[in-house]
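Have the sequence and the model open side by side.

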Amino acid sequence: MAATLVELPTVAAVAPAILSECGADDVVVDEGDITVAPSIGRYDLAILKAVVQVLPPDQARSSILNAARCLTAGGVIAIAGSGVVDDDRLCSPEGVFLNLTFLNLFRHGESYAEGQYRAWMTEAGFQDISRLRLADGCTLFRARLAR
């Protein structure tokens with residue numbers, strides 16, 4: 001298995017040392033901004049962990065579209081994060097609470113509704129979209145890119 005971490009320049013600068021401390025010297029670190037352009041590599045799996053909900057809607061959408069552009073046909077996306085709310089925006093209680101938190105901590109962050117994630121993923125060409133609520137309260141969306 002080969003892994004590439006795509007990160008903003010400030011994080012990419014320190015990531016190799018942190019990865020080395022964790023025994024993950026084989027992880028390649030690339031500078032990039034998923035909200036602006038896809039990675040130059042081609043991958044079977046893209047993981048967006050705690051990314052989407054800290055972005056304004058246009059950048060959240062772009063991050064998913066750009067992740068799709070660097071996947072191989074049939075590749076998988078996994079989007080994990082806290083604060084996803086149901087489409088009625090009233091549940092889950094954690095999501096509603098985190099929406100208030102995101103609005104105060106991040107310039108444009110918010111808890112997006114399940115329907116927003118599904119629309120962005122569908123637009124990007126993903127199929128078989130599933131949503132799981134993990135034991136820690138985090139939400140995991142998983143989908144496969146059309147072949």
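## The chain as a whole

What percentage of the 147 residues in the protein chain do buried residues make up? Buried residues, meaning those under 20% relative accessible area with a 1.4 Å probe and protein chains only, make up 39%. The accessible surface comes to about 8,300 Å², with 58% of that belonging to carbon and sulfur atoms; these areas come from the Shrake-Rupley method with a 1.4 Å probe.

Keep in mind that this is a predicted model: local features need pLDDT of at least 70, side-chain atom pairs count only at pLDDT 80 or more, and totals for chains, interfaces and linings use all residues. Residues are numbered from 1 along each chain as its sequence is written, and side-chain values use heavy atoms, leaving out hydrogens and water.

## Layout and opening unit

There are four helices and six strands, taken as DSSP runs (H or I, at least four residues, for helices; E, at least two, for strands) and numbered from the N terminus. Reading from that end, the order is β-α-β-β-α-β-α-α-β-β.

Strand β1 (residues 4-7) pairs in parallel with β2 (residues 28-31) over four bridges, where pairing takes at least two DSSP bridges. Thr4 sits opposite Val28 in β2.

## A closer look at Thr35

Thr35 is in the loop between β2 and β3 (43-49). Thr35 counts as buried because its relative accessibility is 14%.

Beyond neighbours within four places in sequence, Thr35 is in contact (heavy atoms within 4.5 Å) with Leu55, Gln59, Ser62, Ser63 and Asn66.

Notes
Buried means under 20% relative accessible area, exposed over 50%, partly exposed in between (1.4 Å probe, protein chains only).
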